[in-house]
Amino acid sequence: MPNKIDAKRVQAITNTGQAYDDVDPLVEAARNHAIKECRRYNFLVNSQNKYDYSILKGLFNKMGEENYIEPNFNFMD
């Protein structure tokens, strides 16, 4: 990914409980990144039966070692 998502800034925008601009460039970039990574994860599971949790670890703040995440995993707005 050429531009690293600044998760702390995105959280500061989206986690206040207040209305925010959903097309803010930072929010949009974070959402698009999450969608792309979910699609990549799901593709590998569905086409090669490869559960590549390293893809998902980049999306979660924390992730344990003993995980099982079903294919067709999806991030929702």
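1. The classes used throughout are buried for under 20% relative accessible area, exposed for over 50%, and partly exposed in between, with a 1.4 Å probe and protein chains only. The model is a predicted one, so local features need pLDDT of at least 70 and side-chain atom pairs count only at pLDDT 80 or more, while totals for chains, interfaces and linings use all residues. Residues are numbered from 1 along each chain as its sequence is written, and side-chain values use heavy atoms, with hydrogens and water left out.

2. The partner of Asp 22 is Arg 31, and their side chains form a salt bridge of 3.0 Å, N to O. A salt bridge here is a side-chain nitrogen of Lys or Arg within 4 Å of a carboxyl oxygen of Asp or Glu.

3. How many salt bridges does the whole structure hold? The search finds 2. Besides the Arg 31 and Asp 22 pair, there is a salt bridge between the side chains of Arg 40 and Glu 37, at 2.8 Å, N to O. Arg 40 and Glu 37 are about one helical turn apart, because they sit 3 residues apart in helix 2, residues 25–48. Helices are DSSP runs of H or I with at least four residues, strands are runs of E with at least two, and both are numbered from the N terminus. Glu 37 is buried at a relative accessible area of 9%, while Arg 40 is partly exposed at 40%.

4. Asp 52 deserves a separate entry. This residue lies in the loop between helix 2 and helix 3. Asp 52 is buried yet lacks a salt bridge, and the nearest side chain of opposite charge is Lys 50, 4.3 Å away. Leaving aside residues up to four places away in sequence, Asp 52 touches Tyr 41 and Leu 44. Contact means heavy atoms within 4.5 Å.

5. The aromatic side chains come next. The structure holds 4 aromatic pairs, among them Tyr 51 with Tyr 53, a tilted pair at 6.4 Å centre to centre with 40 degrees between the planes. Rings of Phe, Tyr and Trp (its six-membered ring) pair if their centres lie within 6.5 Å; planes under 30 degrees apart count as stacked, over 60 as edge-to-face and the rest as tilted. Tyr 51 is partly exposed, with a relative accessible area of 28%, and Tyr 53 counts as buried at 18% relative accessibility.

6. Tyr 51 also pairs with Tyr 68, again tilted, at 5.6 Å centre to centre and 35 degrees between the planes. This pair links distant parts of the chain: Tyr 51 is in the loop between helix 2 and helix 3 (53–57), and Tyr 68 is in the segment after helix 3, 17 residues apart. Tyr 68 counts as exposed at 51% relative accessibility. Which tyrosines form one aromatic cluster? They are Tyr 41, Tyr 51, Tyr 53 and Tyr 68. Tyr 41 is also touched by Asp 52.

7. Most residues other than glycine have a negative phi. Asn 49, in the loop between helix 2 and helix 3, has a positive phi near 55 degrees. Asn 72, in the segment after helix 3, has a positive phi of about 70 degrees and is not a glycine either. Asn 49 counts as exposed at 56% relative accessibility, and Asn 72 counts as exposed at 57%.

8. On the overall fold, the protein has 3 helices and 0 strands, in the order α-α-α along the sequence. The C-alpha trace spans about 40 × 20 × 20 Å along its principal axes. Of contacts between residues at least 6 apart in sequence, 33% join residues at least 24 apart.

9. Surface and charge close the note. Of the 77 residues, 27% are buried. The accessible surface is about 6,000 Å², with 49% of that area belonging to carbon and sulfur atoms; areas come from the Shrake-Rupley method with a 1.4 Å probe, and for residues only the protein chains shown count as cover. The 10 positive and 11 negative charges have mean positions 5 Å apart. Lys and Arg count as positive and Asp and Glu as negative, with His and the chain ends not counted. Each charge is placed at NZ of Lys, CZ of Arg, CG of Asp or CD of Glu.
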